[in-house]
Amino acid sequence: MSSQLVTIFEEQYRALRPRAPIPPFEIRFRRFTSLNTTIRLREGRLHVRLSDLLEHAPQAVHHAIAHILLAKLYRKPITPAHADRYRRHVSSEAVSRQAEHIRQTRGRKRILTHVGHHFDLNEVFDSLNLRFFHGLLGRPILTWSAHHARRMLGHYDAAHNTIMVSRVFDRPDTPRCAIEYLLYHEMLHLKHPVRVKGGRRCVHSREFQTEERLFPELEEAKAYLRRL
């Protein structure tokens, strides 16, 4: 545990809670599979766990991390300058590249099957690929989720080149346009990867949104998704 890092956390603690006694800190870097940061108060001690990708970040970024974690823990407003400093660091090309690398090498992706009870994701993908992309998109790994998730209906994971679709769609009364639209949306992420502009991650670019509106049954599909 770096004494310099402890000092940084103590400084940020004092700034946020000027009249409270400073508790002891235990700060450790861990080999997480992402840029995780956590803080817990246990038996009067603050336990901080940070991704090892952040170990050699500039001091200003460590100050930002300390401020953000402590502000969240004690429900204080997060200073925009600290939030912007941290966001710009983790969104930088170098850190983004490192983060993707550790997700590929450390992370595990649970792959089930593309064949559902009522829909075959490979078949739906191939059909959409011909209709909208001239058959030029390389097919990633397609899989149904393990559970009938309603909060995350679909997700493209660039690190593992995988599209996962919630099993909530794999039923006989699901309109084909709904699952087609969901998969089409994730396929657009293949065509239009996330970009960083001015320190901000652009997930749905203007080009992405323009192509999404080309889906002919867009409103019908979105209406069905809202009813889930």
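Which strand is Arg-30 found in? Arg-30 belongs to strand β1, residues 25-30, and this briefing will walk you from the whole chain to a few residues like it. What you see is a predicted model, in which local features need pLDDT of at least 70 and side-chain atom pairs count only at pLDDT 80 or more, while totals for chains, interfaces and linings use all residues. Residues are numbered from 1 along each chain as its sequence is written, and side-chain values use heavy atoms, with hydrogens and water left out.

**The whole chain**

- The protein chain has 8 helices and 8 strands; these are DSSP runs numbered from the N terminus, with helices being H or I of at least four residues and strands being E of at least two.
- Its C-alpha atoms fill a box of roughly 60 × 35 × 35 Å along the principal axes.
- The radius of gyration of the protein chain is 22 Å, whereas a compact globule of 228 residues would have one near 17 Å. That radius is taken over C-alpha atoms, and the globule rule is 2.2 Å times the number of residues to the power 0.38.
- Of the 228 residues, 43% count as buried. Buried means under 20% relative accessible area, exposed means over 50%, and partly exposed is in between (1.4 Å probe, protein chains only).
- Take the contacts between residues at least 6 apart in sequence: 53% of them join residues at least 24 apart. A contact means heavy atoms within 4.5 Å.
- About 13300 Å² of the protein chain is accessible surface, and 50% of this belongs to carbon and sulfur atoms. The areas come from the Shrake-Rupley method with a 1.4 Å probe, and for residues only the protein chains shown count as cover.

**Helix α8, side by side**

- Helix α8 spans residues 218-227, and its buried residues are Leu-218, Ala-221, Tyr-224 and Leu-225.
- These residues sit on the same side of α8 because they cover an arc of only 135° around the axis; the arc is that of the directions from the helix axis to the C-beta atoms.
- The cover over the buried residues of α8 includes α6 (176-191) and α7 (206-212).
- On the face turned away from the buried side, you will find the exposed residues Glu-219, Arg-226 and Arg-227.

**Arg-30 and its contacts**

- Arg-30 counts as partly exposed because its relative accessibility is 36%.
- Not counting residues up to four places away in sequence, Arg-30 touches Arg-49, Leu-50, Ser-51 and Asp-52.
- Arg-30 and Asp-52 lie 22 residues apart in sequence, yet their C-alpha atoms are 5.4 Å apart in space.

**His-82 in helix α3**

- Look for His-82 in helix α3, residues 80-91.
- With a relative accessible area of 14%, His-82 is buried.
- Leaving aside neighbours within four places in sequence, the contacts of His-82 are Gln-12, His-63, Ala-64, His-67 and Ile-68.

**Two loop residues with positive phi**

- Most residues other than glycine have a negative phi.
- Glu-43, in the loop between β2 (37-42) and β3 (45-51), has a positive phi near 50°. At 85% relative accessibility, Glu-43 counts as exposed.
- Arg-75, in the loop between α2 (59-73) and α3, is not a glycine but has a positive phi of about 55°. Its relative accessibility is 78%, so Arg-75 counts as exposed.
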